[in-house]
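How do the helices of this chain pack against one another, and where do its pockets lie? Please look at the model with these two topics in mind.

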Amino acid sequence: MSEKSGEIKLDHIDRKILEILQDNAKTPYAQIASQLGISEATVHLRIKKLSSIGVIKRFQAIVDPEKVGRKVTAIIGVVASPQKYSQVLKELEKMPEIVEIFDVAGEYSTLLKVRAKSKEDLARILDDIGKIDGVESTKTMYVLRVIKEDPRVQVD
């Protein structure tokens, strides 16, 4: 494991550990060790190091949004006043229904991924976004179905 220009260079063992954990973060260290032909202590130390340097951000459960009542997904493009953009972002970050915020180049200032309970809930969220000082316009894309959604990161 080495670092140059912000990118962490991972060896084969680190990459395999990350692949295993991304498939199932609850994989026991003993099982990882057995799969990779290394000691359990080595697995523990490598995971600890990957966490401490920020390669592993956190361990979390991936929840099916529909099964917990978040049946509506939308992508929202927001155009914001450049002078108020940083404040707009701070306000958007406070909204729990907004699950992803992307600072982008192009037609929009930012793109949002929103999970709402219903069409009515989405309408309320859009109203709340529109009330933020500095938001000039929004364009909403209602997601009909998800073809691919994968939180894993390729580590080759």
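The paragraphs below take up the helix packing and then the pockets.

The model is a predicted one, in which local features need pLDDT of at least 70 and side-chain atom pairs count only at pLDDT 80 or more, while totals for chains, interfaces and linings use all residues. Residues are numbered from 1 along each chain as its sequence is written, and side-chain values use heavy atoms, with hydrogens and water left out.

Two packed helices are described by the angle between their axes and the distance between the axes. Helix 1 (residues 12–23) and helix 2 (residues 29–36) pack at an angle of about 135 degrees, with axes 11 Å apart; helices here are DSSP runs of H or I with at least four residues, and strands are runs of E with at least two, numbered from the N terminus. The axes are lines fitted to C-alpha atoms, for helices over the stretch in contact, and the angles run from 0 to 180 degrees between N-to-C directions. That angle makes helix 1 oblique to helix 2, given that angles under 35 degrees count as roughly parallel, over 145 as roughly antiparallel, 65 to 115 as roughly perpendicular and the rest as oblique. The contact (heavy atoms within 4.5 Å) is made by Ile13, Lys16, Ile17, Ile20 and Leu21 of helix 1 and by Ile32, Gln35 and Leu36 of helix 2. By class, this contact of helix 1 with helix 2 has six nonpolar, one polar and one charged residues, where Ala, Val, Leu, Ile, Met, Phe, Trp, Tyr, Cys and Pro count as nonpolar, Asp, Glu, Lys and Arg as charged, and the others, Gly among them, as polar.

Helix 2 also packs on helix 3 (residues 40–52), at an angle of about 105 degrees and with the axes 8 Å apart, which makes helix 2 roughly perpendicular to helix 3. Here Tyr29, Ala30, Ile32 and Ala33 in helix 2 meet Glu40, Val43, His44 and Ile47 in helix 3.

The axes of helix 1 and helix 3 come within 11 Å and cross at roughly 85 degrees, and these two helices are therefore roughly perpendicular to each other. Their contact is made by Ile13, Asp14, Ile17, Leu18 and Leu21 of helix 1 and Arg46, Ile47 and Leu50 of helix 3, with six nonpolar, no polar and two charged residues.

Turning to the pockets, the largest pocket has a volume of about 1,700 Å³. Of the 37 residues that line the largest pocket, the closest to its centre are Gln22, Gln60, Ile62, Pro151 and Arg152. On a 1 Å grid over the protein atoms alone, a pocket is an open set of points where a 1.4 Å probe fits, with protein on both sides within 12 Å along at least five of seven lines, and lining residues have an atom within 4 Å of a point. Grid points are joined across faces, edges and corners, and a volume is the space filled by probe spheres set on the points. Helix 1 gives the most to this lining, with five residues. The lining of the largest pocket divides into 17 nonpolar, five polar and 15 charged residues.
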